[in-house]
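Student: I have a model open and would like to go through it. Can we start with the overall picture and then get to the inside?

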Amino acid sequence: IRGSLSDANVNAEISLQALEREVDLEKLTAPSHRDLLKECLESNRRIRQLLLGMSNGPVKTQVQLRAADIDGWIRNMYAFAQGAEDLRRQGAFAQDLQTLPEEIRTLEWRLGHSTGDTSVVKETLEKKRQTLDALTEVNHALERSDDELRDAEAAIESIYGQLLRMTTSSQLPDDAIQRLSANVEDRAASMKVMADALSSALSGYRHPARIAP
């Protein structure tokens, strides 16, 4: 029994250390981001320690299934924070947000006063409108990034609290475990979508598509 318990502890520690190495807080430049990710890692460690102390049963089984989701959730929080910081450092991002509206107005004026073939102007105008729409959406995400990360950190801390109550409660609502499991899945998936969107936007600046002048 001692050997089995030792193996479980060792395996849990290896997994936690691997995640903590991957989520390199020193690479984040914003102190608020470092603090939030540090708190998430600490909450995750408490969740794993709580899991080790649980008796076998449906709660433990569900938490084991969701442990990888929580790890992935934190990885995507880290990617989201990195993406937000990288985009904020991109001079072209802020510049395009300022210059594209005027470029669009100029193209609209040309389109309205042109008597020749306007197909190139129309195509360029549409591309610039699409670019501005995408940049505006990403900028809104950046403006919300700190709030999104704080919300995610609070949610992970809340999950730990829920698990702690589950382990000490003599009776649980019938759907308590299922609701907790669904909450982890939904939030982890949502953070992945946001991280992927910022990663795509950053990739677009590193490898910009050429737009006709």
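Predicted model: local features only at pLDDT ≥ 70, side-chain atom pairs only at ≥ 80, totals over all residues.

Student: Fine. How many helices and strands does the protein have?

Tutor: There are six helices and zero strands. Read from the N terminus, the elements run α-α-α-α-α-α.

Student: And what share of the residues is buried?

Tutor: Buried residues account for 36% of the 213 in the protein. The accessible surface is about 12700 Å², and carbon and sulfur atoms hold 50% of that.

Student: What part of the contacts with a separation of 6 or more joins residues 24 or more positions apart?

Tutor: That part is 80%.

Student: Now the core. Which residues have the most contacts inside the largest one?

Tutor: W73, I74, M77 and L163 do, in a nonpolar core of 51 residues. At least two residues come from each of α2 (31–53), α3, α4 (91–113), α5 and α6.

Student: Which helix gives the most to this core?

Tutor: α5, with 14 residues.

Student: What does W73 touch, leaving out residues up to four places away in sequence?

Tutor: W73 touches A152, A155, I156, I159, V184, R187, A188 and M191.

Student: Which residues line it?

Tutor: The lining of the largest cavity consists of Q62, V63, R66, I70, I159, L163, I177, L180, S181 and V184. The elements giving two or more residues to that lining are α3 (58–89), α5 (119–168) and α6 (176–206).

Student: How does the lining divide into nonpolar, polar and charged?

Tutor: Seven residues are nonpolar, two are polar and one is charged. Two lining residues, I159 and V184, are also touched by W73. L163 is in the lining too, and it is among the residues with the most contacts inside the core.

Student: Last one, N183. Where is it, and is it buried, partly exposed or exposed?

Tutor: N183 is in helix α6. It counts as partly exposed because its relative accessibility is 26%, and buried would need under 20%.

Student: What is N183 in contact with, beyond its neighbours within four places in sequence?

Tutor: N183 is in contact with I159 and Q162. The C-alpha atoms of N183 and I159 are 8.8 Å apart, and the two residues are 24 residues apart along the chain.

Conventions
Residues numbered from 1 in each chain as written. Heavy atoms only, no water. 1 Å grid on protein atoms, 1.4 Å probe; cavity = no way out; pocket = protein on both sides within 12 Å on 5 of 7 lines; lining within 4 Å. Helix = DSSP H or I, 4+ residues; strand = E, 2+ residues; numbered from the N terminus. Nonpolar A, V, L, I, M, F, W, Y, C, P; charged D, E, K, R; others polar. Buried < 20%, exposed > 50% of the residue type's maximum accessible area, 1.4 Å probe, protein only. Contact = heavy atoms within 4.5 Å. Core = buried A, V, L, I, M, F, W, Y, C linked by side-chain atoms within 4.5 Å. Areas by Shrake-Rupley, 256 points an atom, 1.4 Å probe, with all protein chains shown as cover.
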